[in-house]
Amino acid sequence: MAGALNAALADALADDPRVLVFGEDVAALGGVFRVTDGLAQRFGETRVFDTPLAESGIVGTAIGMAMNGLVPVVEMQFDAFAYPAFEQITSHLAKLHNRTRGKVALPVVVRVPFGGGIGGVEHHCDSSEAYYTHTPGLRVVAPGTPADAYLLLRQAIACPDPVIFLEPKRRYWSRESAELTTNGPGIDSAAIRRAGTDVTLIGYGGTVGTVLDAAEAATAEGWDVEVIDLRSLSPFDDATVSASVRRTGRAVVVHEASRFGGYGAEVVARLTEQCFHYLQAPILRVTGLDIPYPPPKLEQHHLPDVDRILDAIARLQWDDHV
């Protein structure tokens, strides 16, 4: 996935001279996850450059650049490092378009490596999507596959709205053959990654691979599982997800973030409102625990895994299942 993201940035820089890439260590080092490796050498220090360790200043600078016709793509290095920039993001980046009655567009992409599974600690493995999706004026997306990482990042850079681009760290080093193309689902769309008839598993970002593994394992238990990759967390693709849940009648939402007040609560509420008369059982959530991110040796207990997802499927009131 890191290579797909690097290719997306390189192609965007080549296609549009207004695109700029900056952040901490993105130029000389190529980023801590090497997503920006080689870009400064290829496009020069006026297009790809390092900044001081000052996240609020990075986003504030990007806002000013966008107001003057540029297309900044900034990196927050780690999820919780973005919190010092939260005031710039929520008070200015999210609101200026509405505040100016549509006269000012802010085509800014804030890349945020998020989630766990890499043996990191707190401040390096947060899942902060609920903060951003609760903020009107921001688009929030999270790719789950390398091909989709390329497509979504190209779409995010081309988008006239500010986009919080959540990159699942555990997937940076995933290796798979992928065609990198700008043809595919729109930036607002969810994708059906696996068709099924009995239950819908809903994931995004780093949990997409886990729910696909769980779907395969569920086959041995006699369940035919459909997998939805949300891709766009805000706006939410009500049509695709609701249609799936109405077909299957059962659903489980999976995310790494803590359960209480988490993004999954919004998904469950929406689906309950729209699909209530089609449901065969309450919609369940499999999430991270309601704790600060644990030490590396304990993170396997915090993160959703195949066994916990299968346990949730088994609790979906299968009167006819043996």
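1. In this predicted model, helix H10 lies across strands E8, E11 and E12 and runs at about 155° to E11.

2. The strands in question belong to an open sheet of five, ordered E7-E9-E8-E11-E12, in which the pairing is mixed. On average, neighbouring strands are turned by 25° against each other, direction ignored.

3. E11 and E12 run parallel and are joined by four bridges. Among the residues involved, Val-252 has Leu-284 in E12 as its bridge partner.

4. H9 (residues 238–248) packs against H10 (residues 263–275) at an angle of about 65°, the axes being 10 Å apart. The crossing is right-handed. On the H9 side, the contact involves Asp-238, Val-241, Ser-242, Val-245 and Arg-246; these meet Arg-270, Leu-271, Gln-274 and Cys-275 of H10. By class, this contact comprises four nonpolar, two polar and three charged residues.

5. The buried residues of H9 are Val-241, Ser-242, Ser-244, Val-245 and Thr-248. They lie on the same side of H9, because they cover an arc of only 160° around the axis. Residues three or four places apart in an α-helix point the same way, since there are 3.6 residues a turn. The elements covering the buried residues of H9 include E8 (199–203), E9 (225–229), E11 (251–258) and H10.

6. At its end, H9 is followed by Gly-249, which has a positive phi near 80°.

Notes
Residues numbered from 1 in each chain as written. Predicted model: local features only at pLDDT ≥ 70, side-chain atom pairs only at ≥ 80, totals over all residues. Heavy atoms only, no water. Axes fitted to C-alpha atoms, helices over the stretch in contact; angles between N-to-C directions. Helix = DSSP H or I, 4+ residues; strand = E, 2+ residues; numbered from the N terminus. Left-handed = near helix turned anticlockwise from the far one by under 90°. Contact = heavy atoms within 4.5 Å. Nonpolar A, V, L, I, M, F, W, Y, C, P; charged D, E, K, R; others polar. Buried < 20%, exposed > 50% of the residue type's maximum accessible area, 1.4 Å probe, protein only. Arc of directions from axis to C-beta. Pairing = 2+ DSSP bridges.
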